[in-house]
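Hi there,

I am handing over the structure we talked about, so please open it and keep it beside you while you read. My notes on what turned up follow below.

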Amino acid sequence: FLFDHEPAGWCFGVDEKILGGAQMIDITDDATGELHSDAKKLATPYINEIGHNSNRTQNVHTRQKGNCVNYYFGVDREMYPGDEIEMVTNYDKPYEPTRERKGYGLKNLRGI
C-alpha cells in the first residue's frame with residue numbers, strides 16, 4: 001500500500017492465497033493512510049518490533065493460521081492494575097526491508 005508516495009507500515013502478507021495469488025492484509029484507511037478506527041482499538045499497532053537490539057526482551061509472540069495472525073503476550077512476573085510494560089515482538093527476516101526503511105535494519109546499523 002502506498003499513500004502519498006510513502007509505503008505503508010501497517011500491512012503484512014499471510015499464507016492463505018486469494019484467487020490463487022499472494023494476499024496482503026492492510027489496516028490503513030485508503031483515504032488518509034492512517035490506521036482504521038477499528039485497528040486503533042486493538043493492541044496490535046502498539047506492539048513494537050525488537051529489531052536487532054539484544055537488550056530488548058521479546059514478550060509478544062505471533063502465530064499465523066490462514067489469514068489470521070494471533071498475538072500472545074507473556075511475562076515472567078506478576079502484573080498489577082496500572083503496571084505498564086512495553087510489548088515487543090520479533091517479525092524475523094521478512095520484516096528486514098521495513099526495518100531498513102525505518103532506519104534500524106542491519107544495513108543501517110552497519111552504515112551500508
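**What was found**

One aromatic pair turns up when the whole structure, a predicted model, is searched. The ring centres of Tyr91 and Tyr95 are 5.1 Å apart and the planes sit at 45°, so this pair is tilted. Tyr91 is partly exposed, with 23% relative accessible area, whereas Tyr95, at 16%, counts as buried.

Next come the charged side chains. Side chains of opposite charge can pair when their charged atoms come close. The search of the whole structure gives five salt bridges. One of them joins the side chains of Glu49 and Arg99, at 2.9 Å from N to O. Glu49 belongs to strand S5 (residues 48–49) and Arg99 to helix H2 (residues 96–102), so this pair ties together parts 50 residues apart in sequence. Glu49 is buried at 7% relative accessibility, and Arg99 is buried at 2%.

Arg99 also meets Glu96 in a salt bridge, at 2.6 Å from N to O. Both of these residues lie in helix H2, three residues apart, which is about one turn of the helix.

What about Arg77 and Asp83: how far apart are N and O in their salt bridge? The distance is 3.7 Å. Arg77 is partly exposed at 40% relative accessible area, and Asp83 is partly exposed at 33%.

Finally, look at the surface. Phe73, Val75 and Ile85 make up a nonpolar patch there, with about 210 Å² of accessible area together. Phe73 sits in strand S7 (residues 68–73) and is partly exposed, at 41%.

Happy exploring!

How values were computed: Residues numbered from 1 in each chain as written. Predicted model: local features only at pLDDT ≥ 70, side-chain atom pairs only at ≥ 80, totals over all residues. Heavy atoms only, no water. Phe/Tyr/Trp six-rings, centres within 6.5 Å; stacked < 30°, edge-to-face > 60°. Buried < 20%, exposed > 50% of the residue type's maximum accessible area, 1.4 Å probe, protein only. Patch = residues over 30% accessible without salt bridge, like charges linked within 9 Å, V, L, I, M, F, W, Y side chains within 5 Å. Areas by Shrake-Rupley, 256 points an atom, 1.4 Å probe, with all protein chains shown as cover. Salt bridge = Lys/Arg side-chain N within 4 Å of Asp/Glu carboxyl O. Helix = DSSP H or I, 4+ residues; strand = E, 2+ residues; numbered from the N terminus.
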